[in-house]
Amino acid sequence: MTKIGFIFKKENVNLAKWELERNLVSFEVVSESEKLVIAKISEIDFEKIVNAQTFPFGAIDRIVQIYEHASLNKFMDDIASNFFVDSIEFAWLVDNVELETCTLLSKQILKLARKYFKKIETNNIARTLSLGDLQKSENIVEVVFLKRENEIILGRTIKFLNPFYFKELDETRPGRMFTHGTSPKLAKVLVNLIKNKTGTVVDPFCGTGTILLELLRQGYDVIGIDNDSKVLSLARKNIKDYFKNNNLCEKRNYTLINSKFENVEFKATASVFEPYMGPFLKKIPSPTVAKAILKELNFLYQKTFQSLHQNLEGDGEIICILPSIPSKLQVHELNFDLIFQDKFKLSRSKLNSQNPIDYESKKGNRIKRKIFILEKINF
Ligand SMILES: C[S@@+](CC[C@H](N)C(=O)[O-])C[C@H]1O[C@@H](n2cnc3c(N)ncnc32)[C@H](O)[C@@H]1O
């Protein structure tokens with residue numbers, strides 16, 4: 001087992017823990033704070049994470065090697081053996097350690113670094129570099145200071161999320177439609193939450209295919225359903241383009257169906273989707289309008305879950321994002337008893353993470369969204 005730190009934004013704490021739980025085969029949480037989990041993970045998981053071609057998480061930003069009980073000399077030796085360069089830049093990330101202590105430690109680290117590097121630059125200890133800044137140079141060492149039971153532990157960021165990755169995915173696919181698109185980042189988070197890592201996954205509201213593409217990237221076979229033929233042709237274009245660009249000799253199976261999903265029979269092991277969420281709201285609606293939208297959505301989602309219960313096999317997992325509609329008076333919620341009935345239940349987290357999980361909405365989006373992790377109740 002290797003001790004690794006996983007760092008995320010405070011608002012992503014629940015999602016990050018779910019991502020760990022659903023993607024590591026064997027791990028044990030050693031400690032946690034509001035933006036960090038330290039876990040002992042198996043060698044297999046470690047190799048998988050470190051060798052992944054793209055950063056494997058969506059809600060976790062950084063992966064940190066932990067140097068427990070290591071002397072500063074040993075710590076610096078390790079940095080030197082990882083950076084064969086003349087000039088180096090130090091960045092600092094602090095979690096729960098007093099600034100004076102960090103300043104003192106950083107000075108000692110910089111002094112030791114002079115033995116190994118000709119030119120050394122350092123960033124302000126009180127300012128964590130953004131992921132974009134970290135991405136700018138390969139010669140940045142991000143040192144992490146963290147505290148556990150009054151002991152200060154040193155760490156070093158060994159992998160981080162390329163903040164331009166999702167933007168690039170979004171901008172380079174040929175078929176885009178602002179009103180029908182899930183963000184590639186959300187798609188990655190949703191797909192990462194599926195427990196079974198193989199099988200056929202259905203997106204009953206597939207739109208331009210953002211979720212389907214992430215599923216294909218992660219090795220699933222997919223079924224996409226949408227009742228809008230124009231949008232579905234964009235999904236087809238995106239998938240064909242993805243296969244072409246990646247020279248995939250062994251293509252994954254994909255089926256696209258132009259129909260209302262309630263009229264389709266299919267066989268799948270799981271479902272991931274962001275459904276239709278009502279009309280685009282230019283301003284906060286009145287309570288009457290919000291209630292009318294929810295009535296329509298309750299009906300649509302009730303049919304969705306009925307169909308999924310009939311067509312999903314085995315564990316029948318569903319990872320989806322569902323809305324609530326704020327009006328001037330209150331936030332109006334869907335009728336979940338009606339929607340899920342006795343057909344699906346919320347999955348329990350081993351790490352006591354929230355479910356459903358709050359997900360920050362895009363700027364300007366008035367609808368509030370939550371991610372639901374559900375499993376089929378077999379009669
Ligand atoms: C929020 S979009 C899905 C976004 C999609 N994940 C993507 O990345 O493009 C919702 C989609 O549901 C489709 N839709 C609405 N009602 C439907 C129904 N009854 N059956 C199938 N598709 C439906 C719409 O045409 C729209 O493309």
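Helices (H or I, at least four residues) and strands (E, at least two) are taken as DSSP runs and numbered from the N terminus. The structure is a predicted model, in which local features need pLDDT of at least 70, side-chain atom pairs count only at pLDDT 80 or more, and totals for chains, interfaces and linings use all residues. Residues are numbered from 1 along each chain as its sequence is written.

On this basis Lys-40 lies in strand β3 (residues 36-41). A residue is classed as buried if 20 or more other C-beta atoms, placed from the backbone, lie within 10 Å of its own, as exposed if 12 or fewer do, and as partly exposed in between. Lys-40 has 15 other C-beta atoms within 10 Å and is therefore partly exposed. Contacts are defined by C-beta atoms, placed from the backbone, that lie within 7 Å. With neighbours within four places in sequence left aside, Lys-40 is in contact with Met-1, Lys-3, Phe-27, Glu-28 and Val-30. Its C-alpha atom is separated by 36 Å from that of Tyr-242, 202 residues apart along the chain.

The chain comprises eleven helices and 17 strands. Its radius of gyration is 23 Å, close to the 21 Å that the globule rule gives for 379 residues, so the chain is as compact as a globular protein of that length; the radius is taken over C-alpha atoms, and the rule is 2.2 Å times the number of residues to the power 0.38. The C-alpha trace spans about 70 × 55 × 40 Å along its principal axes. Of the 379 residues, 37% count as buried. Among contacts between residues at least 6 apart in sequence, 76% join residues at least 24 apart.

The domain assignment, which is automatic or from a database, gives domain 1 (2-160) and domain 2 (165-376). The C-alpha centres of the two domains lie 33 Å apart. Their contact takes 14 residues from domain 1 and 16 residues from domain 2. On the side of domain 1 that touches domain 2, helix α1 (residues 13-23) gives the most, with eight residues. Helix α1 is mostly covered, nine of its eleven residues being buried; among them are Trp-18, Leu-20 and Arg-22.

The largest nonpolar core has 93 residues, and those with the most contacts inside it are Phe-6, Leu-190, Leu-212 and Val-272. Such a core is a set of buried Ala, Val, Leu, Ile, Met, Phe, Trp, Tyr and Cys residues joined through C-beta atoms within 7 Å. Domain 1 (2-160) and domain 2 (165-376) both give residues to this core, so it lies between them. Apart from neighbours within four places in sequence, the contacts of Val-272 include Leu-190, Ile-194, Asp-203 and Cys-320.

The ligand is surrounded by 19 residues, the closest being Thr-182, Phe-205, Gly-207, Thr-210 and Asp-228; a residue counts as near if its C-beta atom, placed from the backbone, lies within 6 Å. Two or more residues of the shell come from each of α8 (210-217) and β10 (221-226).

Backbone geometry was also examined. Most residues other than glycine have a negative phi, and most peptide bonds are trans. A cis peptide bond, with omega of about 5 degrees, joins Asn-355 and Pro-356, and Pro-356 is placed in the loop between β15 (344-346) and β16 (357-359). His-69, although not a glycine, has a positive phi of about 55 degrees. This residue is in the loop between β4 (60-67) and α3 (72-82) and counts as exposed, with 8 C-beta neighbours inside 10 Å.

Terms used. Two residues are in contact if their C-beta atoms, placed from the backbone, lie within 7 Å.
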